[in-house]
Amino acid sequence: TLLYNYTTGDSTLEQERPAINFLTDSIFLSPDQKSVGLMGAHVREIYNYHFSQQTNNSIIGQFFKLPIEYTPVHGDDVAFLVSSQDVVDLTKFSDEEKSTSQKMTKYWTNFAKHGSPSPFDEDDLPTWVPVTPTEKNYMDLEIKNQK
């Protein structure tokens with residue numbers, strides 16, 4: 001069922017969510033994907049990701065008093081890479097958030113060292129496939145609770 005353009009609840013936030021999704025996709029996602037497509041046609045190693053880890057530690061989410069279901073928002077991925085108590089209290093990260101942070105840090109470190117986020121076959125780190133001229137591959141960065 002396609003729910004992207006339809007409201008799913010009665011609260012003001014739920015009623016406005018389709019407009020918010022449209023606005024944020026047009027501001028952030030569309031230009032990002034256009035850039036990835038253009039770079040992928042000319043550069044061999046382009047790595048694209050979608051950050052979908054829900055968090056109670058969203059700076060913007062806290063400012064707007066958003067429940068966790070409305071996270072992540074733009075910029076939330078930074079807190080998972082930058083260890084600074086000035087940005088986010090990392091002691092409040094859930095086990096899933098800690099795992100996502102560790103995985104992201106390993107990917108970024110591998111990329112800085114080896115030019116690839118997943119240069120080795122590791123059980124704890126799925127292979128991050130680069131974008132090609134014909135495939136817009138991406139890595140979904142999220143750890144879900146395994147209940």
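Is Glu-122 buried or exposed? With a relative accessibility of 18%, Glu-122 counts as buried, where buried stands for under 20% relative accessible area, exposed for over 50%, and partly exposed for the range in between (1.4 Å probe, protein chains only). The model is predicted, so local features need pLDDT of at least 70 and side-chain atom pairs count only at pLDDT 80 or more, while totals for chains, interfaces and linings use all residues. Residues are numbered from 1 along each chain as its sequence is written, and side-chain values use heavy atoms, with hydrogens and water left out.

Next, select Lys-106, which forms a salt bridge with Glu-122 at 2.7 Å between the closest N and O atoms; a salt bridge here is a side-chain nitrogen of Lys or Arg within 4 Å of a carboxyl oxygen of Asp or Glu. Lys-106 lies in helix α4 (residues 95-114) and Glu-122 in the loop between α4 and β2 (139-141), so the pair ties together parts 16 residues apart in sequence. Helices (H or I, at least four residues) and strands (E, at least two) are DSSP runs, numbered from the N terminus. Lys-106 itself is partly exposed, at 30% relative accessibility.

Salt bridges with shared partners join Lys-106, Glu-122 and Asp-124 into one network. Asp-124 counts as exposed, at 51% relative accessibility.

Finally, select Arg-44 and Glu-45, which form a salt bridge with their closest N and O atoms 3.1 Å apart. Arg-44 is exposed at 68%, whereas Glu-45 is partly exposed at 28%.
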